[in-house]
Amino acid sequence: MSAGDTYNEKELLLLVAAGDKPAFSHAYKLTYQRLYYFARRFVDEETARDIVAETYARLLKQPRTFDTIPHMAAYLTSMTRNACIDLLRRENRDKTLQEELHYLSDPAWEPAIREQDEVRIALYKLVLDEIEKLPPLARSIFKLSYLEGKSNAEICDILRIKDKTVRNKKAEAMKALRIGLGRFYLLLGILKIFPGF
């Protein structure tokens, strides 16, 4: 079939699935507007064109089988939506990083950053002192979990104990720390000193 020919739906979808470029071009003409205007809801014109072009390029590289043209259009719309979301997340992450770098590089904030670091160091030392007061098994489990980031299953393997024992000893350690640290315990989550707190 030449590029100027028309296709019935079943024929078009079979040829698209086989990677036929003229059929793909025809499918592109049928669905482009929908994808472009969908992408424009999230991004500017140029970016929308780029995202839609990339969506078609991905389909051309990895052809798929579709039941109907609306099924193909829905799949392409989903790919376009995901690409827009990924782009917006990257931009947001980059913007947040830039804001943090600007914040950190501003000399006016140096005393506040230094003070916050000093508070973190003092609290970290206080927590380490309290950890050393824990019973040996609870201390080992706490260190493996919160200082080394090990999972319960990994701790079970390392210490050759049951999962229930790990959970109970972690709870015991947390309770002892809560009592030992008093009002400072609440700062652990806020200052994000230990992962998983």
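Helix α2 bends by about 50 degrees at threonine 31, where the bend at a residue is the angle between axes fitted to the seven residues ending there and the seven starting there. The structure is a predicted model, in which local features need pLDDT of at least 70, side-chain atom pairs count only at pLDDT 80 or more, and totals for chains, interfaces and linings use all residues. Residues are numbered from 1 along each chain as its sequence is written, and side-chain values use heavy atoms, with hydrogens and water left out.

**Overall composition**

The protein has 9 helices and 0 strands, these being DSSP runs numbered from the N terminus (helices H or I, at least four residues; strands E, at least two). Along the sequence the pattern reads α-α-α-α-α-α-α-α-α. Of its 197 residues, 27% count as buried. Buried means under 20% relative accessible area, exposed means over 50%, and partly exposed lies in between (1.4 Å probe, protein chains only). Among contacts with a separation of 6 or more, 56% come from residues 24 or more positions apart; contact means heavy atoms within 4.5 Å.

At the start of α2, a side-chain oxygen of aspartate 20 comes to within 2.8 Å of the backbone nitrogen of alanine 23. Alanine 23 is one of the buried residues of α2, together with Phe24, Ala27, Thr31, Tyr32, Leu35, Tyr36, Phe38 and Ala39. An α-helix has 3.6 residues a turn, so residues three or four places apart point the same way.

The axes of α2 (residues 21–40) and α3 (residues 45–61) come within 10 Å and cross at roughly 145 degrees. Axes here are lines fitted to C-alpha atoms, for helices over the stretch in contact, and angles run from 0 to 180 degrees between N-to-C directions. The crossing of α2 past α3 is right-handed, meaning that the near helix is turned clockwise from the far one by less than a right angle. On the α2 side the contact comprises Lys21, Phe24, Tyr28, Thr31, Tyr32, Leu35, Tyr36, Ala39 and Arg40, and these meet Glu45, Ala48, Arg49, Val52, Tyr56, Leu59 and Leu60 of α3. By class, the contact has 11 nonpolar, 1 polar and 4 charged residues. Ala, Val, Leu, Ile, Met, Phe, Trp, Tyr, Cys and Pro count as nonpolar, Asp, Glu, Lys and Arg as charged, and the others, Gly among them, as polar.

Not counting residues up to four places away in sequence, the contacts of threonine 80 are Leu35, Phe38, Ala39, Ile51, Val52 and Thr55. Threonine 80 is buried, with a relative accessible area of 0%.

**Other individual residues**

Threonine 65 lies in the loop between α3 and α4. Threonine 65 is exposed, at a relative accessible area of 58%, and touches Ala17 and His71 when residues up to four places away in sequence are not counted.

Threonine 165 is part of helix α8 and is partly exposed, with a relative accessible area of 27%. Apart from neighbours within four places in sequence, threonine 165 is in contact with Leu137 and Ile141. Leucine 128, in helix α5 (residues 110–132), is likewise partly exposed, at 28% relative accessibility.

| Pair | Separation in sequence | C-alpha to C-alpha distance |
|---|---|---|
| Threonine 65 and alanine 17 | 48 residues | 5.0 Å |
| Threonine 165 and isoleucine 141 | 24 residues | 9.6 Å |
| Leucine 128 and leucine 177 | 49 residues | 9.9 Å |

Arginine 160 sits in the loop between α7 (152–159) and α8 (163–181). The phi of arginine 160 is near 55 degrees, a positive value in a residue other than glycine. Arginine 160 is exposed, with a relative accessible area of 75%.

How values were computed
A polar contact is a pair of N or O atoms within 3.5 Å; within protein, one must be able to donate a hydrogen and the other to accept it, and residues adjacent in sequence count only if both atoms are side-chain atoms.
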